[in-house]
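Reader: Could you take me through some of the words used for this structure and show what each one rests on?

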Amino acid sequence: MLRLFNTLSRTKEDFIPIEPGKVKMYCCGPTVYNYQHIGNFRTFIFEDLLLRVLTYNEYKVKYIMNITDVGHLVSDSDEGEDKMEKSAKLLGKSIMEIAEYYTGVFKKDSELLNIISPEVFCKATDYIQEQIDLIVCLEKNGFTYPTSDGVYFDTSKFPGYGKLARLDIEGLKEGARIEFSAEKKNITDFALWKFSPENEKRQLEWESPWGKGFPGWHIECSAMSKALLGNHIDIHCGGIDHIPIHHTNEIAQSEACSGEKFVNYWLHCEFLDFGNEKMSKSTGKFITLSTLSGNGYSPMDYRYFLLTAHYRKKQKFSYEALEGARSGIKNLKNKISNLKNSFSESESENPGLSDEYKTRFTDKINDDLNMPEAVAVMWDMLKDENLSSKQKLILVSDFDRIFGLGLDKTEEKMVTLVPDEIYDLIEKRKEAKKSRDFKAADEIRELIKSKGFEIKDTKEGVEINTI
RNA sequence: GGCGUGGUACCCAAGUGGCUUAAGGGGAAAGUCUGCAAAACUUUUAUUCGACAGUUCGAAUCUGUCCCACGCCUCCA
């Protein structure tokens, strides 16, 4: 039985889909006004793991992710500029160009991280009519009111507003650090539609029953989820920061229109903890996948790093910790490579033991995606002397359906593509060793190393690896 | 100021009342092997879980106080 931690109840619940065997899942994707940093990718990898676990449990998953290319304001209090417009202005490009560029980088990075693509990437600008329709629905149901700058959702009209985040509305008022618009009836009210500013032409704006403008940020997810998955879905996920505002508002909008429950399971990924090195997109100081590559770390090093912590706990990022992950996955691949070398069809089987590990592994991943323990099960398995190489390889390959580390691609030790020159040197070194001229032998080894090959003396002879 | 989360070895991190006198990975140390390396393998590496009280037959796990870090309420996954 798959169990998932539901933010709504703050407990782990048995996962029961609306329709047996099928799962409808929507995840909040990126706002494509800038690069995604590695913290953003922690959430996307968590969502990828969730998808893989669902698939592993033989659910057929309809998985949608949005691309926000309009309406996400610099401030969630419905003030300030549209992030996309701001970025376009800054770079002197059109919004379309900006959106395409950053969407492209996002998809490329996702691919490098072995993140499985959703069935559909939906762009907010492709669903403007659906968003307008939803606002019309809310208007009809009496949940909206106009102000001088837009159409707002009256949160006081929606019973149970803030339930997901367990918001303390009175406390919010007391603790408010910024003044909220005088025209808002309640501090938690939010914009459904914003009017274009009078003094300035926006790149993106649309006609609507209320006037020319653009949709509020939250409405896109409600509208696209409804359009592609229907009123009632199984899972909705995103970063933990979305709980108090974005997802809270999505629930209010969606349910106020449909009258149905919107989402059964809300899942949220914790932040990566950068210590003093704050990730701030506004200051432009943040670590991306390319930053990591520039420092010599591969996307899989980072993916393995993330697997060693649980998604609902903060994980401390440091290059020291990442270095540990890099060594870890290197050793892991080495081990698999050695297994492939020692693989033999005639090895004795111990299916019982194999099942035991498979069960242990499944229990861990089905316990709210406990990847750290699942990784530990893999290591235990690899160290178990009672399993054959063949069994270990089969299990590793099976486990990697979840981990997504590309362990299957781990090659056998290859001795091809080595230039003759190297073979000649190895031959010379062999001679030197024979005549016990170890100084010369060591020098030749260094020479070979300087040419990009590392040699190791083993019982079977000389092993050659590229550096 | 309001709300919340967390502090487990050198680093990352699991475990949330007895199965644990605390998984797993990295690092470090010792050993086997080797001319030496490297690799591989073996062993060691927290009597202790931020501090102090308390509840309990029994706590890292529950309660209280304090210290510290972080997050949200402003942009952020």
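Author: What follows sets some computed values against the definitions behind the words.
This is a predicted model, in which local features need pLDDT of at least 70 and side-chain atom pairs count only at pLDDT 80 or more, while totals for chains, interfaces and linings use all residues. Residues are numbered from 1 along each chain as its sequence is written, chains are lettered from A and ligands numbered from 1 in the order in which they are written, and side-chain values use heavy atoms, with hydrogens and water left out.

Reader: What makes C137 and C257 a disulfide?

Author: Their sulfur atoms are 2.1 Å apart, and a disulfide is a pair of cysteine sulfur atoms within 2.5 Å, so C137 and C257 form one.

Reader: Why is the disulfide of C137 and C257 called right-handed?

Author: The torsion about its S-S bond is about 105°, and the disulfide is therefore right-handed. C137 lies in helix α4 and C257 in helix α7, so the pair ties together parts 120 residues apart in sequence; helices here are DSSP runs (H or I, at least four residues), numbered from the N terminus.

Reader: Why does C122 count as buried?

Author: Its relative accessibility is 1%, and buried means under 20% relative accessible area, exposed over 50% and partly exposed in between, with a 1.4 Å probe and protein chains only, so C122 counts as buried.

Reader: What makes α9 roughly perpendicular to α10?

Author: The two helices pack at an angle of about 100°. Angles of 65 to 115 degrees count as roughly perpendicular, under 35 as roughly parallel, over 145 as roughly antiparallel and the rest as oblique, so α9 is roughly perpendicular to α10.

Terms used: Axes fitted to C-alpha atoms, helices over the stretch in contact; angles between N-to-C directions.
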